[in-house]
Amino acid sequence: MAANPAPYQSAQADSAVSVSGLTAAYDGAPVLDNVSFELGAGQWHTVIGPNGSGKTTLLTILAGSLTPVRGDVKLFGGDPEACRRRSEVAYMPQHENLEWDFPISVWDTVMTGRYGHMRRDALWRRFLPARLSADRHREICARALAEVRMDHLARRPIGQLSGGQKKRVLLARMLTQEAPLVLLDEPLVGLDKDSRRLILDVLRRQRERGQTIVMVTHDLVNTMKYADQVLLLNRSVIDIGPPAEMLRDDMLTRTAAPNWLTQTPAADEEDA
Amino acid sequence: MVEGFDAFSRNVVDVLLGGLMGVVGLLPESIAEPFQYAFMQRALLTAIVVGATCGLLSCFIVLKRWSLLGDAISHAVLPGVAIAYLVGWPFFIGAFITGALTSLGIGAIERHTRLKADAAMGVMFTAAFAIGVVIISQIASSTHLMHILFGNVLGVQPAALLLTIIAGLIAVAAVALFYKELLLYTFDPVQTRALGFHSGRIHYGLILLLTLTIVASLETVGIILVVAMLATPGATAHLLTDRLPVMLAIAIGVGVFSAIIGLYLAYYFNLASGGSIVVVASTLFLLALVFSPRHGLLRRWFRDAAIRRAH
Ligand SMILES: Nc1ncnc2c1ncn2[C@@H]1O[C@H](COP(=O)(O)OP(=O)(O)OP(=O)(O)O)[C@@H](O)[C@H]1O
Ligand SMILES: [Mg+2]
């Protein structure tokens with residue numbers, strides 16, 4: 001963990017994510033409406049909003065899987081696709097959005113985080129199967145697994161892990177990418193105290209090394225403790241600012257106010 | 001040009017068959033007996049290649065839940081076969097063109113209209129199939145139609161065999177070279193995009209590969225049954241392992257084994273080759289379903305019974 005301190009200096013720009021006039025829709029129904037905000041590089045940002053308010057949608061746009069109807073996205077001041085191709089964006093999906101039946105081991109899952117870097121390996125090396133790739137990739141993978149304390153389960157099929165273990169594997173995969181920007185969709189849901197601690201500690205260390213963290217969560221207590229900035233989102237940006245201001249009751253009430261999109265009751269605070 | 005290709009393929013196929021027969025010659029007389037005939041030798045080689053190629057691709061089809069798409073493409077191939085027959089091209093080429101066009105078209109419909117994938121497939125591919133049936137009923141005998149629909153591996157000609165081999169090699173090479181991309185895309189499409197891979201290219205590449213495999217298998221198992229070869233080996237393997245490389249190996253094994261045993265059955269009992277191959281594959285699937293040490297029904301029954309006893 002002490003390995004390479006502050007490797008994320010390469011991200012020169014002050015702003016890691018800059019979004020303006022973003023509108024997104026599924027089948028014509030707008031889910032995000034004219035969203036604009038800016039997230040500073042090297043900071044820990046938390047996105048808070050009720051269920052169905054468009055948080056996952058926002059992250060999938062930043063991760064490149066959903067094309068917005070309108071609006072402009074810049075990552076580190078430049079073209080987001082170019083950033084992604086340089087493996088500068090890591091994404092940890094919300095638990096439900098992955099095929100846990102897939103025949104793949106913990107080790108191989110974590111290794112997929114390196115695939116972007118392997119693509120830039122010299123010549124024929126990029127075509128090699130992951131297990132024959134350069135030692136460097138495997139070392140990073142082993143280190144990430146040790147960091148989330150899952151090394152003893154490396155050979156297990158992912159389908160046979162508990163919910164909390166799966167989350168740690170996804171976190172390890174994210175770490176192997178060594179991306180200056182990480183997007184995490186509700187990484188703390190369904191975890192016990194220790195696992196939550198472990199994930200938050202890992203993220204804090206990453207943050208100290210200069211990584212920009214964008215985390216969706218319903219956990220207000222830990223947001224208060226860890227976040228540098230909070231983005232209140234409900235179809236559009238309600239407000240953005242330091243946690244102490246954003247997490248006041250009146251602000252949260254405004255964020256949770258039902259609109260025609262959010263049929264489900266406002267977000268409870270999980271087990272915070 | 002077509003004649004030149006015929007002569008060329010006869011030579012290449014002869015060389016390959018020489019190698020294959022060297023291996024068959026090591027087997028006991030009673031097993032090797034049918035392969036004294038040239039048509040059986042060709043059938044054996046075709047069956048092996050088709051079984052392996054289908055088995056390989058079937059893993060991705062099963063994991064991506066694309067069985068329906070495979071079925072659809074196989075039907076869309078028919079008008080291509082008919083038109084190629086009309087203008088005297090190898091049917092292979094016509095089949096690939098219409099199969100590819102329709103399967104790419106379906107992606108476009110899905111993206112740009114409000115129709116969902118299943119409706120788009122249902123409409124497009126039945127229409128293509130109907131056109132194919134209409135043309136073929138005008139130009140060819142009904143036995144010919146039967147062979148296209150149900151396959152006739154015993155009648156494979158050297159040119160078709162060589163094209164099948166080439167298609168198989170392309171499929172194997174593509175999967176080997178882009179294994180990481182295919183794994184990533186079937187496992188986690190969002191991560192694929194986040195890492196900056198072109199998921200569109202991977203998607204359509206996989207569809208083209210699927211089309212190629214279907215076309216290559218037409219003569220052997222036929223249009224109606226090819227989808228069985230594209231689903232059953234993968235499904236069987238999925239029941240038996242939790243690792244993708246092992247799954248690929250098992251599926252290839254299941255594909256090749258079914259093809260060879262099916263060929264024997266077709267030869268000895270004078271059955272439609274496609275049908276007997278698929279029956280063997282389905283039997284293997286049933287066995288795996290019941291007896292799989294990990295995900296089998298038997299194991300589940302025992303486990304449930306043990307739990308009941310414990311309470
Ligand atoms: N694939 C989809 N197709 C159609 N509508 C969708 C799709 N995904 C999400 N939606 C809709 O978009 C809206 C926002 O969904 P999103 O997943 O972004 O919410 P969220 O803020 O992440 O909620 P949660 O806290 O429950 O995870 C919801 O109303 C949802 O119904
Ligand atoms: Mg969500």
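**Group meeting: the A–B interface and the magnesium site**

Let me start at the interface. Between chain A and chain B there are 12 residue pairs in polar contact, with both residues at pLDDT 80 or more. A polar contact is a pair of N or O atoms within 3.5 Å; within protein, one must be able to donate a hydrogen and the other to accept it, and residues adjacent in sequence count only if both atoms are side-chain atoms.

Which parts of chain A each supply at least two residues of the side that touches chain B? They are α1 (55-63), α2 (80-85), β5 (89-92), α3 (106-111) and α4 (115-118). Helices (H or I, at least four residues) and strands (E, at least two) are DSSP runs, numbered from the N terminus. By type, the residues on that side of chain A are 15 nonpolar, 11 polar and 12 charged. Here Ala, Val, Leu, Ile, Met, Phe, Trp, Tyr, Cys and Pro count as nonpolar, Asp, Glu, Lys and Arg as charged, and the others, Gly among them, as polar.

A word on the ground rules. This is a predicted model: local features need pLDDT of at least 70, side-chain atom pairs count only at pLDDT 80 or more, and totals for chains, interfaces and linings use all residues. Residues are numbered from 1 along each chain as its sequence is written, chains are lettered from A and ligands numbered from 1 in the order in which they are written, and side-chain values use heavy atoms, with hydrogens and water left out.

Back to the interface. Chain A puts in 38 residues and chain B 28 residues, where contact means heavy atoms within 4.5 Å. The two chains bury about 2900 Å² between them, with 55% of it on carbon and sulfur atoms. A:F102, A:P103 and A:Y115 supply 25% of the area that chain A buries against chain B, more than any other three residues. Buried area is the accessible area (1.4 Å probe) that two parts lose on being put together, summed over both.

Now charges. There are 4 salt bridges between chain A and chain B. That term needs a side-chain nitrogen of Lys or Arg within 4 Å of a carboxyl oxygen of Asp or Glu. One salt bridge joins the side chains of B:R65 and A:E99, at 3.0 Å, N to O.

Next, B:R193. This arginine lies in helix α11 (residues 189-194) of chain B. Is B:R193 buried or exposed? Buried, at 15% relative accessibility. The cut-offs are under 20% relative accessible area for buried, over 50% for exposed, and partly exposed in between (1.4 Å probe, protein chains only). Its side chain makes a polar contact with the side chain of A:E81, at 2.8 Å. Leaving out residues up to four places away in sequence, B:R193 touches A:A63, A:G64, A:S65, A:E81, A:R84 and B:S199.

On to the metal. The magnesium ion (ligand 2) has A:T56 (OG1) and A:Q94 (OE1) as its protein donors, lying 1.9 to 2.3 Å from it. A:T56 lies in helix α1 of chain A and A:Q94 in the loop between β5 and α3, so the pair ties together parts 38 residues apart in sequence. Donors are N, O and S atoms within 2.8 Å of the metal (3.2 Å for Na, K and Ca); water is not among the atoms, so sites may look incomplete. A:T56 is partly exposed at 23% relative accessibility, while A:Q94 is buried at 15%.

Last, a backbone detail. A:S87 has a positive phi, near 60°, and is not glycine. A:S87 sits in the loop between α2 and β5 of chain A.
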